[in-house]
Every structure is written in C-alpha cells, then in structure tokens.
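I opened this notebook to record what I looked up in one structure. The entries follow the order of my reading.

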Amino acid sequence: MQILILYSTIEGHTAKIAKKLADAFEDLDNEVFLSVTSDPGYCDPGTFDATILCAPIHMGSYPGDFIDYIENWKSALSQVPNALVTSSLMIACADEDEQTEAKSYPTKLTKQTGWQPSQVYNVAGSLNYPEYGFFKRWLMKRAAQTENWPDQTDKEHDFTDWKALKTFAKQFADSLKKEVA
Ligand SMILES: Cc1cc2nc3c(=O)[nH]c(=O)nc-3n(C[C@H](O)[C@H](O)[C@H](O)COP(=O)(O)O)c2cc1C
C-alpha cells in the first residue's frame, strides 16, 4: 500500500515520531511518502491508500501550517483512510483533567476545520530543553516543576512510548488490509 505521512513540528520531536511511523510502515511492506505540511509538494492525499497527519500541540493549538493544510485538503483527506497523530505533554500528565484536556485537542481541531479523522492517536512528546530559547526554557522549566517532570535543562527528556507507536502503526496497517479485503 502507498501511505502518505505529513507532519508539522516546532522543535523536531514530531518529525522523529513521523519518521518512526514511516519506518514501521515500511517494515510492514508499505511504500511511504514522508513530507511536511508546510511544504508537501505536489501530492493529493486522496490518491494514496491512506494518509497520516502528525503534529504537536503548542500553547493549546496545532501549528498554523498544519491547520492551513487541513483546511485546504480536508475533502481529499476524507476520501481515504486516515489518522491524526497528536504529540503533547499533557497526555503524559498524572492529573486526569489535564489528560482530558489533551484528549480534547483532536476534537477541537475537527470543530475548527471540519475534518473528522478516521483514527486518532495521542502520543506523549518530549521536553526538549536544548532546543528552547531562554524564555521558552524558563517557561517549560516552571511547567515541569508544577507537573513533577524533569527540570534538568541540559538534555531532552523523551516521554514517547515508541513501542506503543509501533503497535499503532501495525494496527493501522491491519485495518487497511481489512478495508481492501
Ligand atoms: C512553548 C511550548 C508550549 C507547549 N504547549 C503545550 C500545550 O499547550 N499542551 C501540551 O499538551 N503540550 C504542550 N507543549 C509540549 C509539546 O506538545 C511537546 O513538547 C511536543 O513533543 C513538541 O513537539 P515538536 O518538537 O514536534 O514541536 C508545549 C511545548 C512548548 C515548548
């Protein structure tokens, strides 16, 4: 099958997630086209066997280029099986209200754009202190102290469950096979 994976990223972690998904689909004998929503090139998502869109949450929102892409391509996206993969830190919070907030990001995106993804996967992102400028590092260190996350700022702290992400890819690929059977 031909699978299009498009992603948006601010500090690079969602790019790693998208690449990991691409590797997992290729290992399952699919052909993967990987690009970014800010510069997808000439490719119509409706002509692939499936499309996966990946993006992070920053200040409660998806990146602007990601929202623009969905608004421009939502009808083509809806023609094929698709999934929205959202990376956030709130999904890794112990507090239930914060987890609920994290789970609401995809629903808010649907309300905003009108695109209803066929599958939704929420993945914990990373605290990537070395990539932050002074203000962001200060902000995220404060958030980390409230949430009991690591506040050692000389390295990245990765919360992603890479094994679970691979399992999601396998389940998505299996669901595609069932659709064509
Ligand atoms: C300035 C800033 C704001 C963020 N705001 C949120 C937020 O509102 N909700 C959330 O769950 N995660 C938030 N995060 C965490 C990011 O979603 C997480 O770090 C993600 O892995 C970033 O992906 P990227 O490296 O692809 O940009 C924020 C991170 C930063 C640096």
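I first noted that two residues count as in contact if their C-beta atoms, placed from the backbone, lie within 7 Å. I recorded that the model is predicted, that local features need pLDDT of at least 70, that side-chain atom pairs count only at pLDDT 80 or more, and that totals for chains, interfaces and linings use all residues. Residues are numbered from 1 along each chain as its sequence is written.

Entry on Ile-52. I set aside its neighbours within four places in sequence and found Ile-52 in contact with Ile-3, Ile-5, Leu-21, Asn-82, Ala-83 and Val-85.

Entry on the cores. I took a nonpolar core to be a set of buried Ala, Val, Leu, Ile, Met, Phe, Trp, Tyr and Cys residues joined through C-beta atoms within 7 Å; buried means that 20 or more other C-beta atoms lie within 10 Å of a residue's own. The largest such core holds 35 residues, and Ile-3, Ile-5, Leu-21, Ile-52, Cys-54 and Val-85 touch the most other members. I also found a second, separate core of five residues, among them Leu-89 and Tyr-129.

Entry on the sheet. I read strands as DSSP runs (E, at least two residues), numbered from the N terminus, and two strands pair if DSSP finds at least two bridges between them. Five strands make an open sheet in the order β2-β1-β3-β4-β5, with parallel pairing. At the edges I found β2 (31-36) and β5, each of which pairs on one side only. Between β1 and β3, which run parallel, I noted five bridges. Tyr-7 stands opposite Cys-54 in β3.

Technical notes:
Buried ≥ 20, exposed ≤ 12 C-beta atoms within 10 Å, placed from the backbone. Helix = DSSP H or I, 4+ residues; strand = E, 2+ residues; numbered from the N terminus.
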